[in-house]
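This briefing concerns the structure shown below.

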Amino acid sequence: MHADDTIAALASAAGQAGVAVVRVSGPDVPQIARRLFGRLPEPRRAELARFCDAEGATIDQGVVLYFAAPASFTGEHVLELQGHGSPVLVDELLSRLVELGARLAGPGEFSQRAFLNDKLSLDQAEAIADAIAAGSRVSARAAIRSLEGAFAREVDALVDALTRLRVYTEAAIDFPDEDDVDFLGDGEIEGRLAAITAELALLRARAAQGAGFRDGLRLVILGRPNVGKSSLLNRLARRETAIVTEIAGTTRDVLHEQLSIDGLPLTLVDTAGLRETDDPVEAEGVRRARAEIAAADRVLLVIDDQAGLTAADRVLLEEIPAEMGVTVVANKIDLSGAPAGAANIADRPAVRVAAIDGRGFDSLAAHLKSLVGIEGDAEPAFVARRRHLAALDRAAEALARGRERLVVDAAGDLLAEELRLAQNALGEITGRVSSDDLLGEIFSSFCIGK
């Protein structure tokens, strides 16, 4: 990708539609416009125009919008051509634009140029892709808040506080005898460092919520045969995804279901009951179930509430990796008579439900939302990605080391270095500090035309 090229791409969805939007951005836009339809439109004014080929014949007719640099999405000259949503006409128009000097844009190249021209921070550019890919209204609203700068403002506030503390700390190092005041030992630096650390902790919690709602949870439904795993899946999915019978071993393969609970995306994986079997087909299902457990965020261990936690259930618990979170779902309370809702079984969080009629499923939904830090009807303040969480973690680790250098070693120069590392980690989120490799990885996942 070269920033001095002029690029073009279909910005609306591919396929037949009422309207197709083709976007062009770069220094050659004015001359392309003059050759395409004979004039350069007045900036920011919609006009009807004919899009012409090299012989002057009409390719299509539609609305033209011209945005002169730097007052555009990318910060460059931008032309938006709104024509008929025919794939044939779109292909012909794009071919004509390439004839006139543009090249076809790569994935995310328009957003990348907006970032490089300081129109968006890096997290705001990522929020564009997140808004497009949002699977729920909650996720979409969180992505829009990020696009409006909610996340970037909080990060920038922390960076500003770190900058001021770095200035104060380095002044204390450079002028240790100024007015006979012990700057490093007077408590000012430690107090300001503690305040920044506390603000960072709050931001990490909000970012974890945003990442949880963006990425969702991958949940494996595990349990002995005939405890109601498939009924649980069907109730959560609100349709009969899995076959339910009284015959043990009905589920032979792994079933995946994508759904959303109060905006939280979930991938539910229904597995064959884990048990020793001579049936080679069922045995393969058991093998696949174990592989799914290793890739899950959490296991929902379904038990029969009538029988309680049996010895066979405890064997299943022992087979789950120690680091894997487990929620016990005690099913069939319609038969046991136990009250629906949150509980504690074998020192593990549990929810009692009746898959047959839906009792307790509100409590189960609340429990799943709490796993990503959302309580009640609250929504994430903004969307976040795993790379953002990793950067926040590195910043927190640097501040913890910095406090140790200050309190234990009284080493102001080492504290200043840790503050710089924390500031750089935060800068990676907004793109104040970035590398070409990072930018390539991020924007390669975008849609073409965005």
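**Briefing on the predicted model**

Arg432 is exposed, having a relative accessible area of 55%. The model is predicted, and Arg432 is one partner in a salt bridge with Asp156. The points below set that pair beside the overall fold, the nonpolar cores, the backbone and further charged contacts.

**Overall fold**

- The protein chain contains 15 helices and 13 strands.
- Of its 450 residues, 47% count as buried.
- Among contacts with a separation of 6 or more, 64% are between residues 24 or more positions apart.

**Nonpolar cores**

- In soluble globular proteins, nonpolar side chains tend to be buried together.
- The largest nonpolar core comprises 30 residues, and those with the most contacts inside it are Phe151, Leu200, Leu392, Leu399 and Leu426.
- Two or more residues of this core come from each of helix H6 (150–174), helix H7 (188–215), helix H13 (386–407) and helix H14 (412–430).
- The greatest contribution to this core is made by H6, with eight residues.
- Leaving aside residues up to four places away in sequence, Leu426 touches Val155, Leu158, Val159, Leu162, Leu200, Leu392 and Ala395.
- Another core, of 27 residues, lies apart from the largest one and includes Leu217, Val227, Leu259 and Leu264.

**Backbone geometry**

- Most residues other than glycine have a negative phi, and most peptide bonds are trans.
- The peptide bond from Ala69 to Pro70 is cis, with omega near 0°; Pro70 is placed in the loop between strand S4 (58–67) and strand S5 (78–85).
- Arg44, a residue other than glycine, has a positive phi near 65°. Arg44 belongs to the loop between helix H1 (29–37) and strand S3 (47–52), and is exposed at a relative accessible area of 54%.
- Asn226 likewise is not a glycine, yet has a positive phi of about 70°. Its place is in the loop between strand S7 (217–223) and helix H8 (229–237), and its relative accessible area of 33% makes it partly exposed.

**Salt bridges**

- Side chains of opposite charge can pair when their charged atoms come close.
- In the whole structure, 32 salt bridges are found.
- In the salt bridge of Asp156 with Arg432, the closest N and O atoms are 3.4 Å apart. Asp156 lies in helix H6 and Arg432 in the loop between H14 and helix H15 (436–443), so this pair ties together parts that are 276 residues apart in sequence. Asp156 is partly exposed, with a relative accessible area of 23%.
- Arg204 and Asp393 form a salt bridge whose closest N and O atoms are 2.7 Å apart. This pair links distant parts of the chain, with Arg204 in helix H7 and Asp393 in helix H13, 189 residues apart. Both partners are partly exposed: Arg204 has 33% relative accessibility, and Asp393 has a relative accessible area of 31%.
- Arg224 and Asp313 meet through their side chains in a salt bridge of 2.7 Å, N to O. Arg224 is in the loop between S7 and H8, and Asp313 is in helix H10 (residues 311–319), 89 residues apart. Asp313 counts as buried, at 0% relative accessibility.
- One network, joined by salt bridges that share partners, consists of Glu126, Asp130, Arg214, Asp215, Arg385, Arg386 and Arg387.

Key. Residues numbered from 1 in each chain as written. Predicted model: local features only at pLDDT ≥ 70, side-chain atom pairs only at ≥ 80, totals over all residues. Heavy atoms only, no water. Helix = DSSP H or I, 4+ residues; strand = E, 2+ residues; numbered from the N terminus. Buried < 20%, exposed > 50% of the residue type's maximum accessible area, 1.4 Å probe, protein only. Contact = heavy atoms within 4.5 Å. Core = buried A, V, L, I, M, F, W, Y, C linked by side-chain atoms within 4.5 Å. Salt bridge = Lys/Arg side-chain N within 4 Å of Asp/Glu carboxyl O.
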